[in-house]
Structures are given as structure tokens and as C-alpha cells.
Amino acid sequence: MQRTARAFYFGIILSCCGPLAVAAEVLTNDGVVTMVKAGLGDDVIVGKIRLSQAQYDLTTNGLVRLKGDGVSEAVIKAMIEASAGGEAPGLKPAQAGAVPPDPARSEEAAIALYRQGRTVEAAAAFDRLIAERPNDDGLRIWKALALLEQAREIRDAGGAGSKPLVVNAYAILQPLGRRQVDNADWNFAMAKAYWLNDRPTWASRAAGKALGRRANYPEAQLLLADLAYDSEASSLAQPAGSPARESALRWAGLAPRTELNKVLTMPDLPAPLRAEALYKLGLISAELERKPEAAREYWDRAVAADPACRYGRMAQRRLQAAPGR
């Protein structure tokens, strides 16, 4: 009798704790792919996503891998919504007794996703905020920047499909021009859109305007370095003996290196941006100056600056691929 009673109470405890145990499970990309390959339907998988804590890789490359593994767009959308700070798993705000989220905090969370390189999640988060605050130009600029960063990741990876993202960003930014012409962030976003649309002269002009309105603007300075690097790489690709190629060989790396050194001297430089500048200095050493040892030193420093950010991870891959490592 006592044993039966203990089993009865133990069953009650399990039934009470069971939902909490499910909610506490951390679901990853691999877990979602495993469910897809097991033949579970979208409704079942989406329900599981809503009941689980999220730790997904939703970078552009992560999304491409999910699609390649047969994950449907409905499931991917549910992953993005869950990861970008949707409702608590399995609970409505009223059920959880939660206070409605502070809009300022929500904006900070969306910007944090962008700075972490989780640009797909960031764009979804900005969309939700824009729906709540449709007249907030700042949110629209951030949404455009998230789209442009996705386009840059695709272009860096040598993939197709970046142009529609750039076009969408243009569509957001251009109507804001009259109101935001003196806004440093709007000018930087336009510079990035011009750069990704192969308009380097316009991009350089807009980045200069952004720096003129905010002197300590490392992202704009990094873009000027990208433009200088692209120009030198294009000159070096000219036929041997051409004036452009000879000039590039003589001054290889000088212009982009100058811009990147300006970034590294900026006060309170965030770690991810420091890692980006150091990674690109390594790229200059490797690709323009043909100095592999110097390149490895810069990539080591990039990893030390921020190993978890996009450019810290890229530096690690470069180091692993380098001869003698």
C-alpha cells in the first residue's frame, strides 16, 4: 500500500514537472534536421519549436544548410520567430504573468542580434518593432542594414541571391532621404547599398558623409577600407605591364591599410569591429602584399579580439587552412 502511494505521488510530480522539462530543452539546427529526416510533419516540428528554448544557427549559411537538409520554409520561419524573441515557449504573456516588453529593450535586443551577425533574426525583430512603431525611421534604417549585411554574407561566400536584398534595402532607405539626409546611420546604410550594388564612387561619397556627421564611426571607416581593397584588387587583376597594375604593385595594401589603422585608433572600439579590422589587415597581408606570416599574426589577433564574432570565426578558419598550422 505504501509502495502504491509513493508511486502515485511520484506520478503526480512527474506530470507536473514534465511540461517544464520539455520547455527547458534546448533545440538546435541538428535537432530540427533530425525531426525532418525522421518524417515528422511541419505542424509537429513547429509545435516542438514553440515548446523548446532556441539555440539555432540562423546566419545566412546556416539557413542555406537547413534548406539543403530539407527543412521547409514554414519550419525555418518558426525557428526565426522563436529565436528573435517571440513569446515564451508554451506560454502567452498573460498566462506567464509577464509585463509587456519595454520597446527600448526590444530595440536593443534586435540591434544586439544584428551585431552578433544573426541578421535574419534581427530583420524579423525589426519587422515586429516597425509594426508597433510605423513612423520610427531609425528602425527602418536598422532593418535595411540587416538586409544589407545578409547580402554581404552571401556575396562574401560567392553565392547568388544578394541583389534582391539590396533592392529591398534601397526601397526602405530612399523614401527616408529627405528626412534623414543629415543622419549618419542613413548615410552609412546608403553607402553600403551603393557598395553592394557596384557603385563605389557613390559608396565612398556616402561613407564620407556618414563620417562627417559622426567622426567616431568605425563601420563607415571599415567600408572605406573595403572600397580601397576592392580598387586595389581590381587593379592587380589588370594585364601585366598595365599602368594600373604597376601602380597597385608599387603601393600594394597602403590605401586599405591606412583606413583600417584609423579604425583601430578609434576610442571604445567594440570587440567585433576590432576583430573585423584585424581580419582584413590579415587579408591585405595575404592577398595584396603576399606576406603569409604577417597575415597569420593579424588573424591570431582577430581571434583574440573576439573569437565568437563572424570575423573571429573567419580568422580561425584561415588559420586552420594556413600551411604549417
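How exposed is R318, in relative accessibility? R318 comes out at 30%, so it counts as partly exposed (buried is under 20% relative accessible area, exposed over 50%, partly exposed in between, with a 1.4 Å probe and protein chains only). Keep in mind that this is a predicted model, where local features need pLDDT of at least 70, side-chain atom pairs count only at pLDDT 80 or more, and totals for chains, interfaces and linings use all residues. Residues are numbered from 1 along each chain as its sequence is written, and side-chain values use heavy atoms, leaving out hydrogens and water.

**View 1. E287 pairs with R318 in a salt bridge.** The N to O distance is 3.6 Å (a salt bridge is a side-chain nitrogen of Lys or Arg within 4 Å of a carboxyl oxygen of Asp or Glu). The pair links helix α17 (residues 271-288) to helix α19 (residues 310-321), with the partners 31 residues apart (helices are DSSP runs of H or I, at least four residues, numbered from the N terminus).

**View 2. D182 meets R213 in a salt bridge.** Here N and O sit 3.3 Å apart. D182 lies in the loop between α11 and α12, while R213 belongs to helix α13. D182 is exposed at 57%, and R213 is partly exposed at 39%.

**View 3. D185 forms a salt bridge with R214.** The closest N and O atoms are 3.1 Å apart. D185 is in helix α12 and R214 in the loop between α13 and α14.

**View 4. A255 touches A228 and E232.** Contact means heavy atoms within 4.5 Å. A255 sits in helix α16 and is partly exposed at 37%.

Key: Helices (H or I, at least four residues) and strands (E, at least two) are DSSP runs, numbered from the N terminus. Lists of a residue's contacts leave out its neighbours within four places in sequence.
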